[in-house]
Amino acid sequence: MRSRPGARPPCPPPAPPSGPPPTPGRPAQITHGPRGRPRVALTFHGQGEPAVARALLGEAERHGARVTVLAVGTWLDEHPDLARRVLDGGHDLGNHTQRHLDVNAMSEAEATAEIGGCAQRLRRLTGSVGTWFRPSRAARASPLVAALARRAGYPHVLSYDVDSLDFTSPGASAVTRNVLDGIRNGSVVSLHFGYADTVAALPALLDELDRRGLRAVTATELIG
């Protein structure tokens, strides 16, 4: 059957994922870890002033905590030494796209470039694309973005069940309260580098986690 003159050809479906398959029994998009163990994951969107990032990492390490950093590719371009700083501290390092734009709203080609661009930088700096992918500007990935992330080497998307809202700059006490009001065994918490409130909130937050018997571990340790 001929197409009408001027008619647009149908868009081809996205290629099937070719990366590592998700772990059996585990959802493709993970919002939390096991609820039966007193462990939590503090995850940071990696962008902003390097001094703030170093301060946050240092504070976590003083408390014996390990965190997960989802790095933005342009941030790694500007501060390549921070990739090794994260790993040398015993933390997880993952992919938060190349430019931190709304990846779910992009075409397949654009989203592929965003995910792959950051993955390439991680591999160049560390020898690995990292363990986790988190979409930029969204808590959850669209089905297309999740498939593209898997193709790039990330079998699971790391979401979260507790949002600190630190990016709204509500004050350190509000950041602490937002986390502590929602956190429980297995929680994955969304935090950000680049905000003074987060640095100010972290000591009290970690002290309270210790008091509650909740150990802050990497997402890899939390989920297994």
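In which loop does L165 lie? L165 is placed in the loop between β6 (162-163) and α6 (172-182), where helices (H or I, at least four residues) and strands (E, at least two) are DSSP runs numbered from the N terminus. The model is predicted: local features need pLDDT of at least 70, side-chain atom pairs count only at pLDDT 80 or more, and totals for chains, interfaces and linings use all residues. Residues are numbered from 1 along each chain as its sequence is written, and side-chain values use heavy atoms, with hydrogens and water left out.

The protein chain contains 8 helices and 8 strands. The C-alpha trace spans about 70 × 40 × 35 Å along its principal axes. Of the 224 residues, 48% count as buried, that is, under 20% relative accessible area, with exposed meaning over 50% and partly exposed in between (1.4 Å probe, protein chains only). Among contacts (heavy atoms within 4.5 Å) between residues at least 6 apart in sequence, 82% join residues at least 24 apart.

Helix α4 (residues 108-126) has 19 residues and reaches 27 Å from its first C-alpha to its last. This is close to the 27 Å expected at 1.5 Å a residue, the expected span being 1.5 Å times one less than the number of residues. The buried residues of α4 include A111, E114, I115, C118, R121 and L122. Elements packed against the buried residues of α4 are β3 (68-71), α2 (73-78), α3 (81-88), β4 (92-95) and α5 (143-151). After α4 comes G127, with a positive phi near 90°.

Most residues other than glycine have a negative phi.

G48 is located in the loop between β2 (39-46) and α1 (50-62) and is partly exposed at 28% relative accessible area. Apart from neighbours within four places in sequence, G48 contacts W75, H79 and G194. The C-alpha atoms of G48 and F193 are 5.9 Å apart, although these residues are separated by 145 residues in sequence.
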